[in-house]
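Please read this briefing alongside the sequence and the model, moving from one region to the next. The points that follow are grouped by topic for a reader who is new to the structure.

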Amino acid sequence: MPASETTALGSAGKAPKAPSERRAEAPARDALPPPAIAVSDLRVAFGKGAERFEAVRGVSFSVASGQSYGLVGESGSGKSTVLRAIAGLIDDWSGRIEVKGRPVEKKRRARSFYRTLQMVFQDPYGSLHPRHTVDRMLSEPLAFHRFDHIEKRIERVLEDVGLGPAFRFRYPHQLSGGQRQRIAIARALVLEPSILLLDEPTSALDVSVQAEILNLLKDLQAERRLTYLLVTHNLAVVAHMCSEIAVMNAGEIVEVMSVEQLRRMAPTHPYTRQLLDASTGYDAEKVARFERFA
Ligand SMILES: Nc1ncnc2c1ncn2[C@@H]1O[C@H](COP(=O)(O)OP(=O)(O)O)[C@@H](O)[C@H]1O
Ligand SMILES: [Mg+2]
């Protein structure tokens, strides 16, 4: 498991070097605020020579501040790769990524970047360091980013994710899957970012726990005015959480639609239609017959 998944992004485990923070250019007086995330012509390839494989092939989209934006598509369509490039976990990409109007660097990210944007990973079992207590997982990023009142912040964030102070000195193996994902969310939120990248945040959880975590994420978003970029292969999850969705197939966005269009089952692209048909009751046979459109 990559080290970055067991530490907060931009925390001690993957220390960004000295801040080379850029000042945002002063916005024009009545200009709209920039989107929280703007991605244009993002390309990511893995491997070299004959092995070279383009996982993301010219993806563009933008997420307004305070919005909940869904990225959907079947497994392997490039969703996580898009998130990882935005989060700074992949260095080798081309195109342009702006966070709150500032272009992000390919390799080094300023420390302040990680106070703006954090990521929650799919697997709450793999994403927490097995030998670190909750207290350590939450205090390290705070110390690294030189926050004050560390104890108070830890207690408050545990409260905010629905866990009491009793959880502070527990280890991951002493937590249920849902509790672990609450800790992963707490770790992402403890630096008070305004943007969360959520990579299938409930797909590793029991169905009974999934709705609890989704509702927690919704409440936190309202309380903290967060912007979410949510990756999922589950259309019910995006319909519950998001206002707008982009549909990915084989590394490309094939359709952008509002959640109302999704609810009316009114996609225009045949790939989205396949995805919808397959998701109204999972039909493995239909999925196996999926055609590629990109
Ligand atoms: N680090 C990597 N090295 C090589 N191939 C990768 C790597 N990460 C992802 N891929 C490949 O890129 C494609 C997209 O992966 P991913 O973004 O994880 O898809 P998704 O999240 O939509 O399931 C897949 O074919 C996957 O095997
Ligand atoms: Mg993925």
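Predicted model: local features only at pLDDT ≥ 70, side-chain atom pairs only at ≥ 80, totals over all residues.

Helix 4 itself spans residues 150–160, and the loop between helix 4 and helix 5 (177–189) holds Q174.

**Helix 4 and what follows it**

- Among the residues of helix 4, I154, V157 and L158 are buried, and because these buried residues fall within an arc of 100° when seen down the helix axis, they line one face of helix 4.
- On the face of helix 4 that is turned away from the buried side, the exposed residues are K152 and E159.
- The packing partners of the buried residues of helix 4 are helix 3 (134–144) and helix 5.
- Although Q174 and T133 are 41 residues apart in sequence, their C-alpha atoms are 9.9 Å apart in space.

**Helix 3**

- The buried residues of helix 3 are V134, M137, L138, E140, P141 and L142, a list that includes the charged residue E140.
- Helix 4 and helix 5 are included in what covers these buried residues of helix 3.
- After helix 3 comes R146, which has a positive phi near 55°.

- Strand 6 pairs with strand 7 (residues 195–199) in the parallel sense over four bridges, and the bridge partner of L117 in strand 7 is I195.
- Strand 9 and strand 10, by contrast, pair in the antiparallel sense over six bridges, with V247 standing opposite E255 in strand 10.
- The hairpin of strand 9 and strand 10 has two residues between the strands, and within this hairpin A250 takes a positive phi near 45°.

- Four strands, in the order 2-1-4-5, form another open sheet, in which the pairing is antiparallel.
- The edges of this sheet are strand 2 (53–63) and strand 5 (102–103), each of which pairs on one side only.
- Strand 4 (residues 93–99) is joined to strand 5 by antiparallel pairing over two bridges, and V99 stands opposite R102 in strand 5.
- Helix 1 also lies across strands of this sheet, namely strand 1 (37–46), strand 2 and strand 4, and runs at about 110° to strand 1.

**Around ligand 1**

- The residues around ligand 1 are F46, A55, G73, S75, G76, S77, G78, K79, S80 and T81.
- Which helix gives the most to the shell around ligand 1? Helix 1 (residues 79–87) does, with three residues.
- Sorted by class, this shell around ligand 1 has two nonpolar, seven polar and one charged residues.

**The chain as a whole**

- The chain has 10 helices and 10 strands, and of its 294 residues 40% count as buried.
- Among contacts in the chain with a separation of 6 or more, 68% are accounted for by residues 24 or more positions apart.

How values were computed: Residues numbered from 1 in each chain as written. Chains lettered and ligands numbered in written order. Near = placed C-beta within 6 Å. Pairing = 2+ DSSP bridges. Contact = placed C-beta atoms within 7 Å. Axes fitted to C-alpha atoms, helices over the stretch in contact; angles between N-to-C directions. Buried ≥ 20, exposed ≤ 12 C-beta atoms within 10 Å, placed from the backbone. Arc of directions from axis to C-beta.
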